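Please consult the sequence and structure shown here.

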Amino acid sequence: MTSSSNLILRFAEPADSNVLFELIKGLAEYEKLSHAVTGNVLALKEHLFGSPKYIEAILAEYSGQAVGFALFFHNYSTFLTKPGIYLEDIFVLPEHRGKGIGKALLKKVAQIAVERNCGRLEWSVLDWNEPAQAFYRSMGASILDDWRICRVTEEALTQLAAKK
């Protein structure tokens, strides 16, 4: 576990955009998806701090160094008639794992969800990432086997939008 005096969790600020994007690239590398990073730091900054504000991020700093993040946005449950939070990504640099930083980030996002009267907190995990699955289960999460993610991107998205 990490000493709470060495760990700071805080909302990202505009000046954090570059370091946050570097952490995102670290996540992509860990997930063997570096080729999928086609965005850039300017778009990230606009979506975090522009109008409208699409996403929020919590930055984890350990002994003064940015070592992890949680990036999330609001969704909505029609059945609960309550907002929710979707945790798009949570990541801690590999050399800083096992210090309780991921747990602290997940707990912080859960606290935000409770403060905002959200009905649920959701996220996805890759099927091969058994260490992450075990961690999430230890934190009280259920992994839903009966739901599948549907995604439409790039040309297929354009085609769907143009369908008559």
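## Cysteines

Cysteine 150 is exposed, at a relative accessible area of 75%, whereas cysteine 118 is buried, at 13%. Buried denotes under 20% relative accessible area, exposed over 50%, and partly exposed the range in between (1.4 Å probe, protein chains only). Zero disulfides are found in a search of the whole structure; a disulfide is a pair of cysteine sulfur atoms within 2.5 Å.

## Basis of the model

The model is predicted: local features need pLDDT of at least 70, side-chain atom pairs count only at pLDDT 80 or more, and totals for chains, interfaces and linings use all residues. Residues are numbered from 1 along each chain as its sequence is written, and side-chain values use heavy atoms, with hydrogens and water left out.

## Backbone geometry

Glutamate 154 has a positive phi, near 45 degrees, although the residue is not glycine. Glutamate 154 lies in helix α5 (residues 154-162) and is exposed at 69% relative accessibility. Helices (H or I, at least four residues) and strands (E, at least two) are DSSP runs, numbered from the N terminus.

Asparagine 117, also a residue other than glycine, has a positive phi near 55 degrees. Asparagine 117 belongs to the loop between α3 (101-115) and β5 (121-122), and counts as partly exposed at 48% relative accessibility.

## A cis peptide bond

Serine 51 is joined to proline 52 by a cis peptide bond, with omega near 5 degrees. Proline 52 is situated in the loop between α2 and β2 (56-62).
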